Amino acid sequence: MFGAGTDTSSSTVEWAISKLLRCPRAMAKLQAELRQAFKGKERIKDDDVQNLTYLNLVVRETLRLHPPLPLVIPHECREPVNVAGYDVASNTKLVVNVFAINQDPEYWKDAETFNPERFENSNTTVMGADYEYLTFGAGRRMCPGAALGLANEQLPPAHIMHYFLWKLPNGASHSTSLT
Ligand code: HEM
């Protein structure tokens with residue numbers, strides 16, 4: 001529980017900052033949302049960030065491009081089954097490549113681009129109902145901490161982006177810097 005619930009969140013916060021640094025448009029939009037929401041507030045609390053639309057989109061898009069578990073925990077098949085036309089023998093260990101699925105160009109336009117707005121009018125849920133977004137897995141073994149995980153991702157980036165101005169060091173360009 002500790003492993004599953006800590007590294008997942010901290011790596012996502014790091015990726016969110018990295019993505020925003022390379023996408024000044026999204027960073028400016030997020031900071032505008034935060035400044036508007038926190039006007040006059042001395043401290044930002046959990047409750048303050050739950051309904052921030054753009055922050056939520058940034059987190060979802062970061063988790064699409066950088067799932068903390070790019071290959072989910074292996075699952076072992078207990079009996080022979082046929083999945084989507086593929087025969088899977090019993091005792092086969094299956095490893096789902098979430099990283100590849102989350103960026104499959106068949107389902108995602110400009111799949112590798114960081115674009116939080118793609119979720120604006122989208123019905124894709126992050127909770128395992130849509131198999132093109134598998135960051136939390138799906139089915140009966142999907143992540144039981146998904147709601148907590150998502151909630152954990154909101155406050156740290158909100159603080160970091162609200163209280164500090166960020167830019168790449170030594171004049172590095174957005175397109176060439178490493179992520
Ligand atoms: C961004 C945050 C998180 C992500 C992306 C994430 C992702 C995942 C994924 C992909 C799995 C494997 C699903 C599968 O095997 O099909 C998993 C399993 C699990 N997660 Fe998370 N997780 C997150 C946060 C958390 C938190 C906060 C907790 C608990 C406090 C947690 C507890 C667990 C546990 C116990 C399992 C094993 C479930 C099982 O095997 O039945 N996770 N998580």
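Select helix 2, residues 24-37, in this predicted model. Helices here are DSSP runs of H or I with at least four residues, strands are DSSP runs of E with at least two, and both are numbered from the N terminus. The expected span is 1.5 Å times one less than the number of residues.

Within helix 2, highlight Ala26, Leu30 and Leu34, which are its buried residues. Viewed down the helix axis, these buried residues fall within an arc of 65 degrees, so they line one face of helix 2. The arc is taken from the directions that run from the helix axis to the C-beta atoms. A residue counts as buried if 20 or more other C-beta atoms lie within 10 Å of its own, as exposed if there are 12 or fewer, and as partly exposed in between, with C-beta atoms placed from the backbone.

Now turn to the face of helix 2 directed away from its buried side; there the exposed residues are Ala28, Ala32, Arg35 and Gln36. A contact requires that the C-beta atoms of two residues, placed from the backbone, lie within 7 Å.

Two conventions apply throughout the tour. Residue numbers start from 1 along each chain as its sequence is written. Local features need a pLDDT of at least 70 and side-chain atom pairs count only at pLDDT 80 or more, whereas totals for chains, interfaces and linings use all residues.

Next, select the ligand. It is surrounded by 22 residues, and the closest are Gly5, Gly137, Cys143, Gly145 and Gly149. Helix 1 and helix 6 (146-152) are the elements that give two or more residues to the shell, and helix 1 supplies the largest share, five residues. By type, the shell divides into 12 nonpolar, eight polar and two charged residues. Here Ala, Val, Leu, Ile, Met, Phe, Trp, Tyr, Cys and Pro count as nonpolar, Asp, Glu, Lys and Arg as charged, and the others, Gly among them, as polar.

Centre the view on cysteine 143, in the loop between helix 5 (98-101) and helix 6. Cysteine 143 counts as buried because it has 22 C-beta neighbours inside 10 Å. Beyond its neighbours within four places in sequence, its contacts are Phe136, Gly137 and Gly149. An unreviewed UniProt entry lists Cys143 under "binding site"; such annotations may be inferred rather than shown by experiment.

Move to asparagine 102, which lies in the loop between helix 5 and helix 6. With 20 C-beta neighbours inside 10 Å, asparagine 102 is also buried. The C-alpha atoms of asparagine 102 and tyrosine 133 are 5.3 Å apart, although 31 residues separate them in sequence.

For an exposed residue, select threonine 6 in helix 1; it has 11 other C-beta atoms within 10 Å.

Finally, display the whole protein chain, which has seven helices and four strands. Its order along the sequence is α-α-α-α-β-β-β-β-α-α-α. Of its 179 residues, 22% count as buried.

Definitions and conventions. Near = placed C-beta within 6 Å.
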